[in-house]
Amino acid sequence: MNKANFILLLGLLSVLNISAQNTALSGIVVDASSFEKISGADIIIEGTTFKTGSDSDGIFNFSDDYLPKGNQILVFSKPGYTPLRLPVIISAGETKDLDLVPLQMDIFREQLQIGIISLSDNELNEDESSVDKVSGLLHASRDVFLNAAAFDFSQTFFKPRGIDSEYGKVYINGVEMNKLFSGRPQWSNWGGLNDLQRNQVFTMGLVPGEVGFGGLAGSTNIIMRASKYGKGGRISYAAANRSYTGRVMASYSSGGLPGGWAYSVLLSRRFADEGYVDGTLYDANSFFVSVEKKLNPSHSLNFTGFYTPNLRGKSSANTREVFELKGQRYNSYWGDQNGEIRNSRLKQVNEPILMLNHFWKISNKIELNTNLAYQFGKTGNSRIDFGGTRLVIGQDGQESFVGGGANPDPSYYQKLPSYFLRFQDNQNYEAAYLAQQKIKSDGQLDWESLFLANQTSAKNGGNSIYIIAEDRNDDKQISLNSILSYTLNQSILINAKLNYTNLVSENFANIKDLLGGPGYLDIDFFAEGSGDTPVGDRAQSDLLNRNRIVAEGDRFKYNFELQAEVIEAFLQARYKYSRIEFYTAANVSQNRYQRLGIYQNGNFPDNSLGESEALNFTNFGLKAGVTYKLTGRHLFDLNTGYFTKPPTLRNSFSNSRQNNEVVSGLSSEKISSIDVSYIYRTPKLKTRVTGYFTQIEDATEISFYYADGLSGLGRNSTTAFVQEVLSGIEKQHLGMELGIEAQVTSTIKLKGAAALGQFIYNNNPNLYLTSDSFDEAVDYGTSYLKNYRIGGGPQRAAQIGFEYSDPNYWWFGATVNFFSHAFADVGPLNRTNNFLKDTDGLPLLNYDETIARSLLKQEQFDDYILVNAIGGKSWRVKDHYLGFFVSLNNILDVVYKTGGFEQSRNANYRTLKEDRERDQPIFGSKYWYGAGATYYANVYVRF
């Protein structure tokens with residue numbers, strides 16, 4: 001080789017060598033005890049946008065010429081493990097292999113999370129619950145306040161910052177799970193999948209997320225992707241005395257397999273013949289499968305499907321009179337039938353969810369995730385319908401209906417002692433005593449009498465009087481979105497999303513059980529003739545199928561579709577520098593709603609059949625925030641936002657079961673919010689103090705109830721079953737949060753948390769009523785709600801507690817929790833001018849403003865203290881782990897109210913005053929009570 005060629009070869013080799021010297025950092029994440037490789041761990045370079053994850057072999061890799069140089073901190077995190085902060089030095093052009101990076105299992109936190117999920121299964125499934133937002137805190141963070149809110153505060157229906165769950169977003173694999181009808185996530189759709197729900201990304205409040213704009217109450221993204229689960233399985237059994245008494249669960253994940261495959265499966269069952277509250281059965285099964293194929297280094301395709309059919313018995317809200325007679329566990333919805341408990345009000349949810357997820361790593365800086373999801377199935381709520389009749393045609397050809405039954409509820413007001421003592425000058429003590437003894441000795445549904453009434457009716461040529469009806473929602477929803485993540489450089493990360501959702505929801509009543517009768521006449525027994533319209537027409541559920549006799553499985557009473565379409569775009573930029581981090585985000589969406597009536601209702605013949613007006617709402621959102629690091633220990637955080645929120649389908653139509661009427665003046669809510677935090681963190685002490693302020697404007701709420709004492713109806717009647725529409729509502733949420741945690745020794749940790757809130761109505765909204773008992777809506781004008789507290793769980797809470805975690809894998813902890821400032825929901829109708837008027841519309845005589853103010857004073861529940869404890873132990877047996885976990889709640893068996901509401905039956909001053917002056921009001925407020933002393937115990941083996 002001549003000299004020239006030799007020099008040329010050396011030059012080429014040096015060029016190749018320089019080009020190969022990219023800056024790179026790699027390693028393998030392993031379990032510190034077993035040295036098994038850990039997949040799905042998140043690794044970030046602190047203070048930058050650089051982030052990666054460990055693959056099925058535990059391998060992670062950073063490779064980028066723009067990696068920050070010099071002294072850096074790598075942060076490793078994985079649910080069930082203690083986060084690790086690892087100092088490294090990154091040099092330009094150097095490839096560094098960190099070899100094995102061990103993570104210590106966080107036994108205490110893993111078992112605490114099991115307990116939180118199980119508590120949520122038990123406590124947060126009530127109908128129309130506005131507290132299930134707490135479930136989103138399951139793996140929230142290591143923030144002591146959020147952990148207190150999730151585990152100890154949730155049993156009281158406490159809501160962080162007083163915000164309902166419809167203001168938070170829940171995603172699974174980037175697909176939004178909030179129901180378009182109510183705005184709330186239906187957690188029972190993925191209940192019982194505990195073992196595979198641990199990969200969660202939670203953001204509180206306005207803090208930015210990666211898969212969507214989020215909501216006022218933050219967002220939770222549950223990652224249920226096969227490749228994100230480490231290899232191994234778990235079998236567990238739990239016993240409890242809460243909503244269910246037993247749970248068995250088994251799960252297994254393959255980890256990475258040859259050919260780029262991975263899968264995860266889970267089966268579980270939760271059950272109870274009767275939960276803590278009398279007569280509340282629980283019957284739930286859960287099935288999950290996820291399969292992923294890594295097509296090549298840039299593309300992966302994941303399928304996830306789960307089906308969690310569940311059936312549970314509901315419990316009744318009770319007046320003080322019923323509580324004093326029967327206690328906190330009493331439930332009027334059930335009775336004995338042939339020696340078995342039968343609950344008349346069951347909620348059944350059968351809604352499978354299927355999704356396909358495509359992951360495309362376009363480059364080291366750009367990733368695109370596209371998701372397609374389909375949800376279908378049914379939700380049913382059963383009840384006793386006692387309006388069964390038979391048709392009678394008079395000599396003049398006029399139709400009438402005879403029959404109907406009495407309300408079979410054993411706690412119905414006409415069956416209680418107070419009803420027989422309602423007249424001060426004519427009290428029937430004998431009847432009151434007999435009523436008292438009847439409800440005390442039994443007080444449950446008499447199923448036998450219902451069957452007997454139907455059989456007697458059938459023998460006399462009639463129809464069923466009593467039936468079990470079911471209110472059904474059969475949904476079909478498809479969602480399609482694409483989520484872009486673009487790392488512009490080491491300091492700037494861009495997130496964007498496009499989303500489309502389409503819903504078709506069938507809504508109808510269904511005959512579940514004729515209770516031994518021959519059929520049911522599909523008419524409205526309470527209908528009355530009016531003007532030129534005879535009762536035979538007004539009573540028809542469907543004028544196109546008059547006087548129809550329906551059988552089990554048939555639709556009746558109402559039948560319509562709700563259609564919804566949502567198009568949404570989201571863009572967010574996050575900036576990370578050594579001393580400051582900030583973000584900006586924007587969102588725009590278009591919602592379209594429409595009702596399609598299938599029945600022509602006799603009360604609304606011209607406004608029930610066919611398509612309603614199409615409703616369109618254009619919404620937008622803007623938010624921004626900054627975190628300033630004064631030092632590594634002192635941080636200041638600010639988040640602020642303004643956005644609009646469309647009304648839900650539920651609050652868009654005033655009486656969707658009967659007609660196409662749209663809520664008057666309907667508009668999107670306007671929401672503005674700000675929060676400021678100071679954070680102090682050292683290895684021994686961590687604390688956060690946050691102040692927040694939120695204003696919600698132009699909200700709408702619709703309620704349904706029977707009202708007495710109405711004025712201005714324009715007919716000789718003062719009572720009606722009404723739809724109350726409250727619009728233009730303003731709410732204000734103001735408060736502070738505190739969390740503090742001190743690592744006293746290597747094994748003992750002290751903790752404290754406090755929430756100080758004030759959640760009020762901030763204006764006097766407008767109220768009007770609609771009903772099939774009157775032809776036009778009746779506007780009662782202003783409802784004077786300003787400065788009333790928003791009802792629900794406690795607005796103030798505090799906690800002190802400790803955790804002990806022994807190196808030998810046993811641990812326990814206890815907390816003492818204080819709650820106050822919980823209020824009953826007030827009746828808006830009683831705060832209108834109707835309260836001042838007689839039924840003829842004229843002012844009431846003898847109206848006393850001082851007494852009226854006392855009658856309308858909002859009820860505040862008593863303060864209370866709950867003591868909770870948790871503990872457990874784990875053993876390693878060769879390559880397996882065996883352990884148990886026990887939680888004890890309300891150890892001192894304290895009786896407390898979790899919520900309540902004023903009955904609006906007495907709608908004016910005179911009738912309300914008369915009722916309150918009785919020793920025992922007939923229409924007193926109704927309450928829900930928290931569970932007494934309860935336990936949850938879980939044993940498991942992990943392999």
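The legends below describe one overall view and several close-up views of a predicted model.

Local features are given only where pLDDT is at least 70 and side-chain atom pairs only at pLDDT 80 or more, while totals for chains, interfaces and linings use all residues. Residues are numbered from 1 along each chain as its sequence is written, and side-chain values use heavy atoms, with hydrogens and water left out.

**View 1. The whole protein.** The protein has 10 helices and 47 strands; these are DSSP runs numbered from the N terminus, helices being H or I with at least four residues and strands E with at least two. Its C-alpha atoms fill a box of roughly 125 × 55 × 55 Å along the principal axes. Of the 943 residues, 55% are buried (buried is under 20% relative accessible area, exposed over 50%, partly exposed in between; 1.4 Å probe, protein chains only). Among contacts (heavy atoms within 4.5 Å) with a separation of 6 or more, 71% link residues 24 or more positions apart.

**View 2. The open sheet S3-S2-S5-S6.** Four strands pair antiparallel in the order S3-S2-S5-S6; two strands pair if DSSP finds at least two bridges between them. Strand S3 (51-53) and strand S6 (84-90) are the edges, each pairing on one side only. Neighbouring strands are turned by 25° against each other on average, direction ignored. The axes are lines fitted to C-alpha atoms, for helices over the stretch in contact, and angles run from 0 to 180 degrees between N-to-C directions. Strand S2 (residues 42-45) is joined to strand S5 (residues 70-77) by 4 bridges, and Ile45 stands opposite Leu74 in S5.

**View 3. Thr48 in the loop between S2 and S3.** Thr48 lies in this loop and is buried, with a relative accessible area of 7%. The side chain of Thr48 makes polar contacts (N or O atoms within 3.5 Å; within protein, one must be able to donate a hydrogen and the other to accept it, and residues adjacent in sequence count only if both atoms are side-chain atoms). One is with the backbone oxygen of Ile45 at 2.7 Å, and another with the backbone nitrogen of Phe50 at 3.1 Å. Leaving out residues up to four places away in sequence, Thr48 touches Pro68, Gln490 and Lys576.

**View 4. Strands S1 and S4.** Strand S1 (residues 24-31) and S4 pair in the antiparallel sense over 5 bridges, and Ser26 has Asn61 in S4 as its bridge partner. Asn61 is on the uncovered face of strand S4 (residues 59-63), together with Ile59 and Ser63. Phe60 and Phe62 form the covered face of S4.

**View 5. Gln200 in strand S10.** Gln200 belongs to strand S10 (residues 200-203) and is buried, with a relative accessible area of 10%. The side chain of Gln200 reaches the backbone oxygen of Gln197 at 2.8 Å. The C-alpha atom of Gln200 is separated by 5.9 Å from that of Ile223, 23 residues apart along the chain.

**View 6. Helix H10 and its N-terminal cap.** In helix H10 (residues 909-916), the buried residues are Tyr909, Thr911, Leu912 and Asp915. Helix H9 (849-855) is included in what covers them. Asn908 caps the N-terminal end of H10, with a side-chain oxygen 3.3 Å from the backbone nitrogen of Arg910.
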